[in-house]
Amino acid sequence: MFKNYIKTAVRSLYKNKGFTAINILGLALGLATCLLIVFYVVDELSYDRYNTKANRIYRVNEDLKLGENNVQYAVAMPPLAKTLKVEYPYIEDATRIKNAGTTHVKKGNINIVENRVGFVDASIFNVFTLPMISGEPKTALLEPNTVVLTESTAKKYFNTTDAVGKTIVFNEKENFKVTGVIKDVPKQSHFNFDFFVSLESFPDSRSNEWLRSDYNTYVLLKDAKDHTKLEASFPAFLQKFSGSQMQSELGMSISQFEKSGSHFRLNLTALTDIHLKSNRSGELGPNSTTQYVYIFSAIALFILLIACVNFMNLSTARSSNRAREVGVRKVLGSSRKYLILQFLAESILVTFVATVIAMIAAAAVLPLFNQLSGKEIVLTVESLKWLVPSLLFIILVIGSLAGSYPAFFLSAFQPIDVLKGKLSAGFKGGDLRSFLVVFQFFVSILLIIGTLVIYNQLNYIQTKNLGYNRNQVLVVQNSSELKDQAKVFKQELAELPGVKSATMTGFLPTNGWRNTRIYFKDASFDQKKSLFPQSWEVDADYIPTMDMKMAAGRNFSKEMMTDSSAVILNEAAAKFLGFSDPINKTIYQSSGGDRKGSAPNVKECHIIGVVKNFHFNSLREKIEPVVMTLGQNSGALGIRVSTTNITALMGQIKDKWNSLSPGVQINYSFMDQDFDASYRTEQRIGTIFVIFTSLAIIIACLGLFGLAAYAAEQRTKEIGIRKVLGADVSVIVGMLSKDFIKLVCIAIVLASPIAWYGMNKWLQDFAYRITIQWWVIAVAGAGALVIAFVTISFQSVKAALANPVDSLKNE
Amino acid sequence: MIKITNLEKFYRTEEVETIALNKLTMEVNTGEFVAIMGPSGCGKSTLLNILGMLDDPDEGSYVFNGIEVAHFNERKRADLRKHNIGFVFQSFNLIDELTVFENVELPLIYTGVTAAERVKRVEEVLDKMQIMHRRNHYPQQLSGGQQQRVAIARAVVNKPKLILADEPTGNLDSSNGNDVMELLTDLNEQGTTIIMVTHSEHDARYSHRIIRLLDGQTVMENIMV
């Protein structure tokens, strides 16, 4: 019996090839898209879970509030880790990581630039699960000048994973002994190092300073529940260990400090929350946000719903053609139960085929998706373990849902009515189908509006006047390699034809160099009048090279000796200090240090100019106050070029570099590209969003296409009669389109306000943002209408052009 | 075999109530070949549907083989139907997706006959209907006469006691129509009771008895000689 059902199902599907193709492909497309998103979301959620002790690991963060300045650090004080371990018996272990930044590693005669170098405590292998292939994890990093490599790094430098005992040379001169080789750090880790260098190698790691934070610090609890207890004990802990240093540095106790409205606190972030929920200063890498996980999950769900709705719509629409079959089967003795089973089996069969296609398609486009999303997702046997059961579940659910309508509805027919053809005119299942079409377009319009808003915001970011000109600026990232020669290099470059000007400092708007320092409005060091700005060392060429504009006063001058104590503020800093005319005013800086008395040493800083605000953080954030001082920082070299022949100029620049530093490769980039890189996440999200939206719309249109074809088919006779009576093609197209267009209009009315509200919420995350224009909604609505109309027209024009004689004859 | 008494059937729309059968009483004996005639709308199809247990009467009694079936539920009716009654329709009502063989096999599947037995019985009946050579064709590939042979083969494959034929020659030319009537006559001679609705006096002459209906009532019975 079952064989008979399958046979009928397969042949019936084959007979209606067009419908079947639309139905299966639509569902497969939806499922494939959904699968990709699921892979993405699962990948995001899996961060740091490779650690077997993940649920017991917490990072200790520091929150600092000074006057109006509020900074949240992902890093903490140097002595914190070892002190916590001694003080709390329920802490099993504690460990620290410090990002080493760009490092040169020697291979043969050349130096390779490595960015994934971390300074770590020996206890790292006890806290994190980083399996060692060779070497002894307990002792590997106990000694100074030892390093543990990842498997692929060992292969890169020594062509073997058997690298223990060999030597790595950092920055031309520092020799480190390889004491272990670990497996590569999983991609889903909030830190990703290739070199784990022993912190013991650096005296700073033994520093006992409690008022600075620069080590990412992790604790491994014996029992995960103790994290609340630990967090609660932090105030007393800080009082005990940092109180005296605060007294001598700032001349006040912690409680006085708190009373003045400032604070200095520690708190915990669970390891598994770091990737999605933490965005503090001093993170070990760029983290993601839960927002995108939610948005993408919602999109996946929407797409799946649209695809399922299509599937149901087309199945039920088509099933009325099978009413006669139902009738015959009933007359021949089939009971209702068997008919229900038959339709369900058929529907599940189709879903199964679609799912298999979807799975293959998703696997096939995964590399492309990885490229777009910046992920490295691979399908493993491990992932099949959850994937296959969930797919089977989906097949059952979607198959049953889609099949249930024809199954229960058609099987209830009185066979005699169906056989007499009484139902074919009246049976349309109209309300449910209308609702489903509205739903589909509702979702499509939400996605269209969402995409338009995201696109506009990204466009706004890209074209916004940033307060400096990022075009035609070449950045030499490793000018500090040249040491004393750096100044010579800059001078020589500035003389090249095609170079307008050059500035040497790591504090370029697009570079990572940032530094904060406390300034006070008056010499009494009143917290309430403190400013906690970015404090950047620049040279006199900085402002002209960056093409920044002065709002008041003047730039630094090489000729004026007094400029060594001069500062230039940005408008944000000037506004914060509240000077009506800041030029020639003085601000004060604590030069810190070793005094025991109440008032620390004071350095006076003379304001000579105010530069117009410029963006150096993400446009998500407000422009922070910046204080620029004249200095000798050689962290990077920004060169404004004025030639179209970049290749020739680059050749000259490289020649100069090689003559000054033959052993080290020049590392350069273009400022506009650096800027784009900082919005890569947003751009990626934008691209993915556009793709998913397009897919959702295509799927919705496939459904509409099928429905329109069905509607036209159902009304063939009516169309024939109308044509015989003199109706034009346009009248008939209008008649056939009207019903669907009405539904799309309802969807527009429902979706617009919701999309507007939702996207406004998303925009709130940007300190600098667009407002949603009315035309965005209009474009989305009109777009949906046009797409719907074109889709329907395909069918309705065909039906309207058909010869009426043919349609009337077959009755 | 069939005894109906005071059978009534109404069709209601919102405003009008139409009486399809009006206190109809009749009897059909085993082995009879009865033709039901009458103008359009006289209730003959309604009667056939009730006789075939595809429809319920509103009032009255219907005794089939000694069992009162007038108010049987769907499942019981389906059960009784599939073992006892074969149908032949004017528009054949073959399933387009199934081959000749599979169409004929269908009733056997529903009555739970084993696969081997099914092949035997289907082949037997196809042979008898002289359409064995068409066994793997689909309905659309056959002429009207051939399709009706398949439909008759399907109706008799389960060896029903009763065949209900609703204008079996209505869609056929006269030569094919005569063939079909010959087939039905043969079946009747082998013992199957046949009740046939027809517009054709010519076809009616094949029967033993003609029941003429008008407005849902028997107006005349002709016994054929």
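Modeller: Let us begin with α2(A) and α21(A), whose crossing is left-handed (the near helix is turned anticlockwise from the far one by less than a right angle; clockwise would be right-handed). This is a predicted model, in which local features need pLDDT of at least 70 and side-chain atom pairs 80 or more, while totals for chains, interfaces and linings use all residues. Residues are numbered from 1 along each chain as its sequence is written, and chains are lettered from A in the order in which they are written.

Colleague: At what angle do the axes of α2 and α21 of chain A cross?

Modeller: Helix α2 (residues 17-45) and helix α21 (residues 680-714) of chain A cross at roughly 160 degrees, their axes coming within 10 Å. That makes α2(A) roughly antiparallel to α21(A), a term for angles over 145 degrees.

Colleague: Which residues make the contact?

Modeller: Among them are Phe19(A), Gly26(A) and Leu29(A) of α2(A), and Phe692(A), Leu702(A) and Gly706(A) of α21(A); contact means C-beta atoms, placed from the backbone, within 7 Å.

Colleague: And which spans does UniProt list as "transmembrane region"?

Modeller: The unreviewed entry lists several in chain A, including residues 21-42, 292-314, 434-455 and 688-712; such annotations may be inferred rather than shown by experiment. In the model, residues 292-314 of chain A are 100% helix, with end C-alpha atoms 32 Å apart.

Colleague: How many helices and strands does chain A have?

Modeller: Chain A has 25 helices and 25 strands, counted as DSSP runs (H or I, at least four residues, for helices; E, at least two, for strands). The C-alpha trace of chain A spans about 105 × 60 × 60 Å along its principal axes.

Definitions and conventions:
Axes fitted to C-alpha atoms, helices over the stretch in contact; angles between N-to-C directions. Parallel < 35°, antiparallel > 145°, perpendicular 65-115°, else oblique. Contact = placed C-beta atoms within 7 Å.
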